[in-house]
Amino acid sequence: MTDVILSLLKVAASIGLLAIVLALVARWAPIARAHAEIRRKLIHVSLGAYCLLLPVIFDHTWEVWLACALTVGVFTLARSRLRATLGCGLHAVQRASHGEIYFALAVALLFALRGSAPETLDLAAYVLPLAVLTISDAAAALVGCRFG
């Protein structure tokens with residue numbers, strides 16, 4: 001029972017961190033007059049970096065699936081009801097995108113596919129694709145903003 005409570009606390013802390021990142025970017029963006037794509041990629045890289053730590057934080061695959069499912073819920077709220085507050089960092093771009101939903105699903109799937117033992121190859125199977133997704137996507141978007 002104590003393990004389940006600890007797991008749920010870790011999931012809740014992860015969702016809290018997500019909300020904090022969304023809120024900070026929403027607050028910072030008008031002050032810095034940051035381009036919409038830069039705001040979006042700041043969230044992307046921040047959460048991607050956190051997701052790289054999930055094998056250290058979580059012991060069970062169900063914890064990550066739950067955290068990612070709740071993340072999709074937060075992103076859905078940020079897309080609709082909370083668009084003017086939490087969602088302004090993600091949805092200020094002038095194109096329709098569901099990348100944040102697919103990113104959360106990719107994280108959960110990668111975590112599940114890596115296996116439950118934190119062996120080097122299993123860990124690499126999680127970390128390497130996620131690092132490429134996090135860094136290369138952000139870099140491509142920022143280069144695209146600069147050079148078209």
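**Whole chain**

Start with the contacts across the whole protein. Among those between residues at least 6 apart in sequence, 76% join residues at least 24 apart. Keep in mind that this is a predicted model. Now colour by secondary structure. The protein has six helices and zero strands. Read from the N terminus, the order of elements is α-α-α-α-α-α. Of the 148 residues in the protein, 39% are buried.

**Stop 1: Lys10 and its partners**

How many salt bridges does the structure hold? There are two. Select Lys10 and Asp59 to see one of them. Their side chains meet in a salt bridge, with N to O at 3.6 Å. Lys10 sits in helix 1 (residues 2–32), while Asp59 sits in the loop between helix 3 (54–57) and helix 4 (61–79), so the pair ties together parts that are 49 residues apart in sequence.

Show Lys10, Asp59 and Glu63 together. Salt bridges with shared partners join these residues into one network. Side chains of opposite charge can pair when their charged atoms come close.

Is Lys10 buried or exposed? Lys10 counts as buried because its relative accessible area is 18%, and the cut-off for buried is under 20%. Glu63 is buried as well, at a relative accessible area of 0%.

**Stop 2: helix 2 against helix 5**

Two packed helices are described by the angle between their axes and the distance between the axes. Select helix 2 (residues 36–52) and helix 5. Their axes come within 12 Å and cross at roughly 10°. Helix 2 is therefore roughly parallel to helix 5, since angles under 35 degrees count that way. Which residues make the contact? On helix 2, pick Arg40, His44, Gly48 and Cys51. On helix 5, pick Gly99, Glu100, Phe103 and Val107.

Stay with Arg40 in helix 2. Its relative accessibility is 7%, so Arg40 counts as buried. Arg40 and Val25 are 15 residues apart in sequence, and their C-alpha atoms lie 8.7 Å apart in space.

**Stop 3: the nonpolar patch**

Select Trp65, Tyr102, Leu105, Leu109 and Leu113. These residues form a nonpolar patch on the surface, and together they have about 550 Å² of accessible area. Which helix gives the most to the patch? Helix 5 (residues 99–113) does, with four residues.

Finish on Leu105, which lies in helix 5. Its relative accessibility is 42%. Leu105 therefore counts as partly exposed, because that class runs between the buried limit of 20% and the exposed limit of 50%.

Note on methods: Residues numbered from 1 in each chain as written. Predicted model: local features only at pLDDT ≥ 70, side-chain atom pairs only at ≥ 80, totals over all residues. Heavy atoms only, no water. Patch = residues over 30% accessible without salt bridge, like charges linked within 9 Å, V, L, I, M, F, W, Y side chains within 5 Å. Areas by Shrake-Rupley, 256 points an atom, 1.4 Å probe, with all protein chains shown as cover. Salt bridge = Lys/Arg side-chain N within 4 Å of Asp/Glu carboxyl O. Helix = DSSP H or I, 4+ residues; strand = E, 2+ residues; numbered from the N terminus. Buried < 20%, exposed > 50% of the residue type's maximum accessible area, 1.4 Å probe, protein only. Axes fitted to C-alpha atoms, helices over the stretch in contact; angles between N-to-C directions. Parallel < 35°, antiparallel > 145°, perpendicular 65-115°, else oblique. Contact = heavy atoms within 4.5 Å.
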